[in-house]
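Below are some notes on the model you sent.

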Amino acid sequence: MNTVNYGPMLNAYPDSLGGTLGDAVDFLKDERVKGAFSSFYILPSMFHTDLDRGFSVIDYGINGENATKEDLEALQKLGVDLKLDFILNHLSVQSPQFQDLLEKGDASQYRDFFIDWNKFWEGCGDLDQDGVLVPRQEYIKDMFFRKPGLPVLVVEFADGTRRPYWNTFYQQVDVDENGKKHYLGQMDLNIKSPLVLDFYRQTLADLAGYGASIVRLDAFAYAPKEVGSKNFLNDPGTWDFLQQITDMAKPYGVSLLPEIHASYEEGTYRIIADKGYMVYDFFLPGLLLDAFEQKSGEKLAAWANEILDSGMATVNMLGCHDGIPLLDLKGLLSEERIQGLIDTLVKRGGFVKDLHGAKNVYYQVNATYYSALGEDDRRMLLARAIQLFMPGKPQVWYLDLFAGKNDYAAMERAGAGGHKEINRTNLTKEAMAAGLEKPVVQKQLELLKMRASYPVFSQDSRISVKTEGSKLSFTWEGHGQKAILDADLATDGFVIFITDNSGKELYRMEQ
């Protein structure tokens with residue numbers, strides 16, 4: 001993380017905090033908040049998008065309904081840099097490239113920009129009654145599909161012909177009163193197309209121009225595809241592709257954060273770290289919840305020490321726009337412990353998301369982190385304190401900051417598949433004003449300002465982590481200061497104090 005500041009990072013949609021990115025800027029300017037965050041991870045509905053709350057990008061221009069370039073300039077003036085998403089695997093059906101393809105067919109310059117399913121699998125299977133080539137089992141036995149059936153969307157061209165295109169993630173087909181079909185979908189890109197590579201280069205330039213210091217590579221491990229190889233994390237295709245993107249990003253001085261969900265036991269996070277990239281710490285949210293339930297810091301301390309011993313650079317979090325990761329914990333916790341955690345979170349109102357429609361192939365639990373903690377202010381504050389003392393750059397989901405509860409009404413409004421909306425409540429200005437009066441919000445902000453302002457919280461400081469029974473202790477030493485967190489997972493009590501080299505106390509908080 002050589003070019004990345006180590007301070008706390010806010011995470012929100014552009015319309016999460018008041019309705020627009022301008023309102024979020026005003027929030028960051030508020031004296032009660034100012035100085036708590038030095039980075040802002042703005043989710044991609046800042047761009048022109050349609051499905052999946054921003055992750056189906058039409059183009060990477062600024063969506064004026066949610067954000068303006070003036071908002072981005074205001075963030076720069078505040079000293080807040082950005083983390084932005086680059087969705088490498090797909091673009092929307094509504095993108096100019098796919099619309100050109102639908103209109104012109106094989107005459108389109110973008111005819112190879114997306115993946116024609118039947119062309120990709122030519123000679124590897126037989127057509128079904130819908131004209132979709134079904135690959136023989138020998139070719140797809142190692143494939144990882146995110147939904148039931150084949151990952152295709154059959155679209156109709158202007159001349160009336162129909163073709164299936166590779167569509168790993170979301171899709172939606174509506175029929176109007178005239179019987180015409182209207183498609184939405186996240187259409188997979190053909191990374192072997194020179195035009196796709198040109199598009200990648202331009203997008204990286206645009207993101208850097210918006211002020212991005214970190215670019216999160218969303219779903220990148222699905223992008224490299226070869227007949228006879230896995231379509232997720234194929235080796236060496238995935239790593240060759242990552243190097244290709246890294247080379248493209250170098251002129252823009254951004255740090256790349258590859259986003260991969262894989263179990264601990266697979267060791268993918270180690271490969272990423274060994275290649276010199278930041279690692280998304282998807283293990284912390286579940287390990288911390290487990291630590292509270294077990295009243296033991298053993299597993300959490302072991303993970304923290306692994307980060308320290310290996311020299312990994314991490315970005316960590318509690319909650320996020322997605323669910324609380326569980327698949328990732330395999331190999332860190334026993335199956336019984338993971339299942340026990342799932343049962344507890346479901347009892348607290350969470351919803352289990354299973355993989356590709358299969359039951360009992362758990363992936364994540366959708367819940368706010370505050371509700372996952374039993375809606376307990378003491379636990380929320382201790383969870384935040386532990387996160388801020390963990391090695392890595394802390395990322396803070398806006399709803400966790402406001403101790404947000406599960407939003408069941410939002411889930412119902414979203415309908416089938418809308419479970420993620422449980423943790424995506426847009427806060428009005430009135431709700432934010434009321435939230436800022438809550439002690440649990442004020443104390444989190446105090447801790448965030450502490451983490452952002454004391455020099456001891458630097459990447460080159462020495463960190464040690466110890467645990468015994470329910471006791472958990474973190475010590476940071478450097479830049480003439482020492483910061484200590486002593487916590488008790490049985491009582492949710494803690495004390496934090498920072499001293500200088502002479503022993504003079506500079507800061508204290510306890511509960």
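**Notes on the model**

1. Strand 22 and strand 23 (residues 481-488) are paired antiparallel through 8 bridges. Two strands count as paired if DSSP finds at least two bridges between them. Helices (H or I, at least four residues) and strands (E, at least two) are DSSP runs, numbered from the N terminus. In this pairing, Ser473 is opposite Asp486 in strand 23. The two strands make a hairpin with 2 residues between them, and His479 in the turn has a positive phi of about 55°.

2. Two remarks on the basis of these notes. This is a predicted model, in which local features need pLDDT of at least 70 and side-chain atom pairs count only at pLDDT 80 or more, while totals for chains, interfaces and linings use all residues. Residues are numbered from 1 along each chain as its sequence is written, and side-chain values use heavy atoms, with hydrogens and water left out.

3. Strand 22 (residues 471-478) also pairs with strand 21 (residues 462-468), antiparallel, through 7 bridges. Here Lys466 is the residue opposite Ser473 in strand 22. The hairpin of strand 21 and strand 22 has 2 residues between the strands, and Gly469 in it takes a positive phi near 60°. Buried means under 20% relative accessible area, exposed over 50%, and partly exposed in between (1.4 Å probe, protein chains only).

4. Is strand 20 (residues 393-397) enclosed or open? Strand 20 is largely enclosed by the rest of the structure, because 5 of its 5 residues are buried. In a regular strand the side chains alternate between the two faces of the sheet. Both faces of strand 20 are covered, with Lys393, Gln395 and Trp397 buried on one side and Pro394 and Val396 buried on the other.

5. Strand 20 has parallel partners. Strand 1 (residues 9-12) is joined to strand 20 by 3 bridges in the parallel sense, and Asn11 has Trp397 as its bridge partner. Strand 16 (residues 314-317) is likewise parallel to strand 20, over 3 bridges. Asn316 has Pro394 as its bridge partner in strand 20.

6. A separate point concerns an open sheet of 3 strands, in the order 6-12-11 and with antiparallel pairing. Strand 6 (90-92) and strand 11 (171-175) are the edge strands, each pairing on one side only. From one strand to the next the twist averages 15°; axes are lines fitted to C-alpha atoms, for helices over the stretch in contact, and angles run from 0 to 180 degrees between N-to-C directions. Strand 11 and strand 12 (residues 181-188) run antiparallel and are joined by 5 bridges. Gln171 is opposite Gly185 in strand 12.

7. Which residues of helix 6 are buried? They are Val196, Leu197, Phe199, Tyr200, Thr203, Leu204 and Leu207. These residues cover an arc of only 155° around the axis, which puts them on the same side of helix 6; the arc is that of the directions from the helix axis to the C-beta atoms. The face turned away from the buried side carries the exposed residues Pro194 and Gly209.

8. The length of helix 6 (residues 194-209) can be checked. At 1.5 Å a residue its 16 residues should span 22 Å, and the end C-alpha atoms are 23 Å apart, which agrees. The expected span is 1.5 Å times one less than the number of residues. Just after helix 6, Gly211 has a positive phi of about 110°.

9. The whole structure holds 2 cavities of 30 Å³ or more. On a 1 Å grid over the protein atoms alone, a cavity is a set of points where a 1.4 Å probe fits but cannot get out, and a pocket is an open set with protein on both sides within 12 Å along at least five of seven lines; lining residues have an atom within 4 Å of a point. The largest cavity has about 110 Å³ of space, a volume being the space filled by probe spheres set on the grid points, which are joined across faces, edges and corners. Its lining has 13 residues, with Ile260, Tyr269, Ile272, Tyr280 and Phe282 closest to the centre. Helix 8 gives the largest share of this lining, 3 residues.

10. The second largest pocket contains about 420 Å³ of space. Of its 22 lining residues, Ile115, Phe120, Asn190, Ile191 and Lys192 lie nearest the centre.
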